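My entries follow in the order in which I made them.

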Amino acid sequence: MEPLDAPLDVTVLRDGLVGPGLPWRELDVVSETGSTNADLLARAQAGSDIDGSVLLAEYQNAGRGRHGRQWSAPRGTQVALSVGVAAASVPQGGWGWLTLAAGVAVADALAAIGVQAGVKWPNDVLVDGCKLAGILAEVAAPSQVIVLGLGLNVTLTAEQAPDPVATSLLMLGSPALDRNALARRILRELAVRIDAWRTAGGADPALTADYQRYSLTLNSRVRASMPGDREVVGVARSIDETGRLCIDTGGQTVAISAGDITHLRPSV
């Protein structure tokens, strides 16, 4: 068994994942950086082709989530990675499904190691209501490339967690704590979902069905908090073709493209 503090091994990670005919073109590991997403975005803005690039970090000193929120975890306790995804072949209306596809890929990878997780729209992977992984997609404008980042808590302890609702594989009692094996499994699942997303030009029937199966948000009573102090409360009924969450307020259906979702207790 790998020790809990075993470092990421770039040779192990590249084996079977990087090369001609394989899912990823290049893969790098850095000891420390501000943000793997920011690094890939900077590469794209400097003119590099980042499609198929994978960047992992042992530690991010300026990791972030949606809306610029900071997220920090001690060195070596996460699988923190970002990938570049060329999106020119997919209509922009289908880009919103890429984040959802990533959530399904992570849930698939976790199911394979015996961890039953669910996805909360749009970008969290939860177990028993606690956040195990988060996903962040950013467009490398003006190019049609999306940088997809994710952080999976592996050996984070309750004392180290930056958020009281965070959890980790260690905290869940999972024996699958080898970050190299976890990263390889996630990257394989991501490659499959990205390929299907490109082929379908958005959500394919398998992705739609699998998202519904994993979703913790659909058919739940939710509150969507959006910019401008606007709130929408109702039942989350579906995800539309652009990846928006459709909420039935009782009088109308409102499609939400961005916002913080709170799952509410059912009305009695």
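**Entry 1: the helix pair**

I looked up the contact (heavy atoms within 4.5 Å) between two helices (DSSP runs of H or I, at least four residues, numbered from the N terminus). W97, L98, A101, A102, V104, A105, V106, D108, A109 and A112 in α3 meet R185, I186, E189, L190, R193, I194 and W197 in α4. By class, I find 13 nonpolar, no polar and 4 charged residues in this contact; Ala, Val, Leu, Ile, Met, Phe, Trp, Tyr, Cys and Pro count as nonpolar, Asp, Glu, Lys and Arg as charged, and the others, Gly among them, as polar.

This is a predicted model, in which local features need pLDDT of at least 70 and side-chain atom pairs pLDDT 80 or more, while totals for chains, interfaces and linings use all residues. Residues are numbered from 1 along each chain as its sequence is written, and side-chain values use heavy atoms, without hydrogens and water.

**Entry 2: T77**

I located T77 in the loop between β2 (53–60) and β3 (78–86), strands being DSSP runs of E, at least two residues. T77 counts as buried at 5% relative accessibility (buried is under 20% relative accessible area, 1.4 Å probe, protein chains only). Its side chain reaches the backbone oxygen of P74 at 2.7 Å. Beyond four places in sequence, T77 touches L152, N153, V154, T155, L156 and Q160.

**Entry 3: V222**

I found V222 in strand β8 (residues 221–226), buried with a relative accessible area of 0%. V222 and T262 lie 40 residues apart in sequence, yet 5.5 Å apart in space, C-alpha to C-alpha.

Definitions and conventions: Buried < 20%, exposed > 50% of the residue type's maximum accessible area, 1.4 Å probe, protein only. Polar contact = N/O pair within 3.5 Å; in protein donor to acceptor, adjacent residues only side chain to side chain.
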